[in-house]
Amino acid sequence: MVKKQILFLMGVSGSGKSTIGKLLAEKLQFPFFDGDNFHPEVNVEKMRKGHPLNDADRQHWLEKLNEVGIQNLATGAIIVCSSLKEKYRTILGKNLENHHQFIFLDGSFELIEARLTKRKNHYMPKGLLQSQFDDLETPKDALTVSIDQTPDEIVTDIIKKL
């Protein structure tokens, strides 16, 4: 039995955060929140035009996702967002001490680029993938899971590690 906590599924775009997050939320019976749905329109438009977000662009978005976590402490929650830098993870985990866990969906550039090529109707163009890998600060304290498996295998692996 997995304890009620806030699970932040993180990784670069195309790593499967939404797919894995929805499956994991279903298995654990936790509410699911897609961080992309909390971006202000100006951020979405910036990415749509092929420009990477900077730290200032992300600040309010990260604070909002932290609020979602705090509001769901009693039930636990799955929140998916890239959380590429340590300082982003600090904002996300504020006031959630001992009640949250980061899960890093780890995969190679080539695997993720191939996935992005197949993905339709998403505002994040594959041309920005390198900027995400450049910004990625691999977490030291996250549960790390390889995405070189099926979604069901990844979810099973996460639950075993929790």
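This is a predicted model: local features need pLDDT of at least 70, side-chain atom pairs count only at pLDDT 80 or more; totals for chains, interfaces and linings use all residues.
Residues are numbered from 1 along each chain as its sequence is written, and side-chain values use heavy atoms, with hydrogens and water left out.

**Exercise 1.** Work out the strand order of the sheet and find which strands stand at the edges.

*Solution.* Strands here are DSSP runs (E, at least two residues), and helices are H or I runs of at least four, both numbered from the N terminus. Two strands pair if DSSP finds at least two bridges between them. Step one: the 5 strands make an open, parallel sheet in the order 2-3-1-4-5. Step two: strand 2 (32-34) and strand 5 (143-146) each have a single partner strand, so one side of each lacks a neighbour in the sheet.

**Exercise 2.** Find the buried residues of helix 3 and say what covers them.

*Solution.* Buried means under 20% relative accessible area, exposed over 50%, and partly exposed in between (1.4 Å probe, protein chains only). Step one: Arg58, Trp61, Leu62, Leu65, Asn66, Val68 and Gly69 are the buried ones in helix 3. Step two: their cover includes strands 1, 2 and 3 (77-80), plus helix 4 (86-92) and helix 6 (129-135), where contact means heavy atoms within 4.5 Å.

**Exercise 3.** Is Ala74 buried or exposed?

*Solution.* Step one: locate Ala74 in the loop between helix 3 and strand 3. Step two: its relative accessibility is 74%, so Ala74 counts as exposed.
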